[in-house]
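Please consult the sequence and the model displayed below while reading.

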Amino acid sequence: MLLRDIQAFVRIPDWRLTTAEILYHLPDHPGLLQSFLWQKLDHAPGFPELHRFLEFWQREIHGPLHSVRVASSALTRPAEFRYGGGEFTLH
C-alpha cells in the first residue's frame with residue numbers, strides 16, 4: 001500500500017475535534033455567568049452533535065444560555081515546521 005493510499009484511508013473528511021465554551025446564567029443568581037466546556041468529535045460545518053447537545057441543554061437544564069463560542073480543528077493535517085532564528089550552544 002502506498003503512502004498516499006494510507007493517508008486517504010486515515011483521514012475522516014470533515015470530522016473535527018470541536019470544543020465549545022458555553023456561558024450560561026446561574027438559575028439562582030441570574031446576574032452571574034458560569035462557564036462550561038464541551039468537547040467532542042463533530043461533523044463540520046453543520047456541527048450536528050453540538051446542536052443536539054444545545055437542544056438538550058435548553059430542554060433539560062435550568063441555566064439559560066448566554067453565549068456559545070466554538071473552536072474546531074481537523075483531526076489530521078500536514079505537519080507544520082517553523083525554523084528558529086537563533087542557535088543554542090551547550091557547554
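In this predicted model, Leu-54 is in contact with Ile-22, Leu-65 and Val-68, leaving aside its neighbours within four places in sequence. Leu-54 and Ile-22 both belong to the largest nonpolar core. Two or more core residues come from each of strand S1 (15-25) and helix H2 (48-60). Helix H2 gives the most, with 4 residues. In soluble globular proteins, nonpolar side chains tend to be buried together.

The aromatic residues may be considered next. The count of aromatic pairs comes to 6. One of them joins Trp-38 and Phe-53, whose rings are stacked. This pair links distant parts of the chain, since Trp-38 lies in strand S2 (residues 33-43) and Phe-53 in helix H2, 15 residues apart. Phe-53 also pairs with Phe-56, in a tilted arrangement. These two residues are 3 residues apart in helix H2 and are therefore separated by about one helical turn.

| Pair | Centre to centre | Angle between planes | Arrangement |
|---|---|---|---|
| Trp-38 and Phe-53 | 5.8 Å | 25° | stacked |
| Phe-53 and Phe-56 | 6.4 Å | 40° | tilted |

Trp-38 is buried, with a relative accessible area of 9%, and Phe-53 is buried at 16%. Phe-56 is partly exposed, because its relative accessible area is 35%.

Finally, one aromatic cluster is formed by Tyr-24, Phe-36, Trp-38, Phe-53, Phe-56 and Trp-57.

Notes: Residues are numbered from 1 along each chain as its sequence is written. This is a predicted model: local features need pLDDT of at least 70, side-chain atom pairs count only at pLDDT 80 or more; totals for chains, interfaces and linings use all residues. Side-chain values use heavy atoms; hydrogens and water are left out. A nonpolar core is a set of buried Ala, Val, Leu, Ile, Met, Phe, Trp, Tyr and Cys residues joined through side-chain atoms within 4.5 Å. Buried means under 20% relative accessible area, exposed over 50%, partly exposed in between (1.4 Å probe, protein chains only). Contact means heavy atoms within 4.5 Å. Rings of Phe, Tyr and Trp (its six-membered ring) pair if their centres lie within 6.5 Å; planes under 30 degrees apart count as stacked, over 60 as edge-to-face and the rest as tilted.
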